[in-house]
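My notes follow in the order in which I checked them.

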Amino acid sequence: MIFNKKRRWHCLPGQEPTELDKKVMYWENKGKEVPTRSLIKTAEQIEGIRRSGVVNTGCLDAVAEQIHVGMNTQEIDDICMAFCKEHHATPACLNYEGFPKSVCTSINEVVCHGIPKKEDVLQEGDIVNVDMTTILDGYYADASRMFIVGKTTPEKEQLVRVAKECLEIGAEAAKPYSFVGDIGHAIQKHAEKYHYGIVRDLCGHGVGLDFHEEPDVMHFGHKGTGMLLVPGMVFTIEPMVNMGTWKVFLDADDPYGWEIITGDEMPSAQWEHTFLMTEHGVEVLTY
Ligand code: MF3
Ligand code: CO
Ligand code: CO
């Protein structure tokens, strides 16, 4: 007995399939991974995520204005927490699976999930990623930026720049009815042009109604693989680019078990935005 394959995509009952329905079903019939309809955000949800994105951007702008040599990362946490409070938002990181702070602050060889603390004082030449996720009226927006503290080396400057280009090139590759793998392929190609390591163990993700939704957005891989990108999907792209090896480890010294460091302790850079897929390409929701 051969059963029908279970569909992921369902048309709305009692309605003619739309052009969007037809395109998704075309790819599903070809054996491609497609989203479920629940991953397509409504106009109301998109507005909610957009408003959360505005608060998110406000947090990172406030950090940008105040970051300086000698500041500790707890102060960055305080800035983000205060901005959230003022704007009736909640930091999604706080108490998320045991994460003790409101924002991630990852310095130099810390790839991501660095925990703010008084003891971590920013030094001239440090490169630091500040990764904020806001919840406003139940809607999540997730973004991160790199900050160069004072003046750094040309090598670290280039790493920060190329990591940003990786995000931009990945966003450019994200076209409606293309695939998640197209994003990863473009990013990997750009990072490896500079002989940088593109991190494989952590990825971007669907976002909006929850912190981490489907699909996983890999920053490496092959064109035409992974989930079909459909207008209405909201997801992050957040490439982590290492100066040396792409291999990463959990920092054994972190009692919370969150901080990720590079295998060779060379520096790492990351930029992240939350994107909405439209009929024409992606729109940034965290500007
Ligand atoms: N904001 C991170 C991301 O980009 C996740 C941080 S989880 C935390 O997906 F618990 F470390 F905050
Ligand atoms: Co994210
Ligand atoms: Co993030």
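I began with the ligand. An oxygen atom of ligand 1 lies 3.1 Å from a side-chain N or O atom of D142. I count a polar contact as a pair of N or O atoms within 3.5 Å; within protein, one must be able to donate a hydrogen and the other to accept it, and residues adjacent in sequence count only if both atoms are side-chain atoms. For E238, a polar side-chain atom is 2.7 Å from an oxygen atom of ligand 1. For E272, the distance from a polar side-chain atom to a ligand 1 oxygen is 3.0 Å. I then looked up the areas: ligand 1 taken alone exposes 340 Å², and the protein buries 97% of that (Shrake-Rupley method, 1.4 Å probe; for residues, only the protein chains shown count as cover).

A note on the source: this is a predicted model, where local features need pLDDT of at least 70 and side-chain atom pairs count only at pLDDT 80 or more, while totals for chains, interfaces and linings use all residues. Residues are numbered from 1 along each chain as its sequence is written, chains are lettered from A and ligands numbered from 1 in the order in which they are written, and side-chain values use heavy atoms, with hydrogens and water left out.

Next, the shell. I found 14 residues around ligand 1, and the closest are C93, H205, H212, E238 and E272 (near means a heavy atom within 4 Å).

Then the rings. I found eight aromatic pairs in the structure (Phe, Tyr or six-membered Trp ring centres within 6.5 Å; planes under 30 degrees apart are stacked, over 60 edge-to-face, the rest tilted). W27 and F179 have ring centres 5.3 Å apart and planes at 90°, so I logged this pair as edge-to-face. W27 is in helix α1 (residues 19–29) and F179 in the loop between α4 (154–173) and α5 (180–193), so the pair ties together parts 152 residues apart in sequence. Helices (H or I, at least four residues) and strands (E, at least two) are DSSP runs, numbered from the N terminus.

Last, the backbone. E214 and P215 are joined by a cis peptide bond, with omega about -5°. P215 lies in strand β8 (residues 213–217).
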